[in-house]
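These are my notebook entries on one structure. I set down what I looked up, entry by entry.

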Amino acid sequence: MGVEIAAAGGHNALLIGPPGAGKTMLALRLPGLLPAMTFEEAVEATSIWSVAGRLQRGQGLLTVRPFRAPHHTISVAD
């Protein structure tokens with residue numbers, strides 16, 4: 001529910017919890033809750049990915065919102 005509200009209002013969401021609580025699952029599904037990218041958003045996202053070296057040669061404009069999941073060992077479980 002909180003992720004839906006954050007997506008609808010364009011707000012940030014901080015997902016905190018123990019391993020296995022579903023934080024990554026919620027984050028993976030967040031782009032599906034958001035509206036399609038506008039042309040300006042697509043150009044901006046494509047520019048960022050291009051500068052970061054993540055855009056494949058000849059890939060063209062990104063049409064879906066990119067998502068990068070951190071590795072599960074990025075932080076220590078409490």
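**Entry 1: T46.** I began with T46, which I found in helix 3; helices here are DSSP runs (H or I, at least four residues), numbered from the N terminus, and strands are E runs of at least two residues. The model is predicted, so local features need pLDDT of at least 70 and side-chain atom pairs count only at pLDDT 80 or more, while totals for chains, interfaces and linings use all residues. Residues are numbered from 1 along each chain as its sequence is written, and side-chain values use heavy atoms, with hydrogens and water left out.

Is T46 buried or exposed? T46 counts as buried because its relative accessible area is 10%; buried means under 20%, exposed over 50%, and partly exposed in between (1.4 Å probe, protein chains only). I then listed the contacts of T46 (heavy atoms within 4.5 Å). Beyond neighbours within four places in sequence, T46 touches L55, G60, L61 and L62.

**Entry 2: S50.** I noted S50 in helix 3 as well. S50 has a relative accessible area of 42% and is therefore partly exposed.

**Entry 3: the core.** Which residues make up the largest nonpolar core? I recorded 5 residues: M37, A42, A45, W49 and L62. A nonpolar core is a set of buried Ala, Val, Leu, Ile, Met, Phe, Trp, Tyr and Cys residues joined through side-chain atoms within 4.5 Å. For A42, setting aside neighbours within four places in sequence, I found contacts with M37, L61 and L62.

**Entry 4: the salt bridge.** I counted 1 salt bridge, defined as a side-chain nitrogen of Lys or Arg within 4 Å of a carboxyl oxygen of Asp or Glu. R65 pairs with E41, and their closest N and O atoms are 3.5 Å apart. The two partners come from distant parts of the chain, 24 residues apart: E41 is in helix 3 (39-51) and R65 in the segment after helix 3. R65 is partly exposed because its relative accessibility is 24%; E41, at 33%, is therefore partly exposed too.

**Entry 5: helix 1.** In helix 1 (residues 2-9) I found V3, A6 and A7 buried. They lie on the same side of helix 1, because they cover an arc of only 95 degrees around the axis; the arc is that of the directions from the helix axis to the C-beta atoms. An α-helix has 3.6 residues a turn, so residues three or four places apart point the same way. The face turned away from the buried side carries the exposed residues G2, I5 and A8. Helix 2 is included in what covers the buried residues of helix 1. Just after helix 1, G10 takes a positive phi of about 70 degrees.

**Entry 6: L26 and F67.** I placed L26 in helix 2 (residues 23-33). L26 counts as partly exposed because its relative accessibility is 37%.

Where does F67 lie? I found F67 in the segment after helix 3. Its relative accessible area is 31%, so F67 is partly exposed. Leaving aside neighbours within four places in sequence, F67 is in contact with A27 and L28. F67 and R29 are 38 residues apart in sequence, and their C-alpha atoms are 9.8 Å apart.
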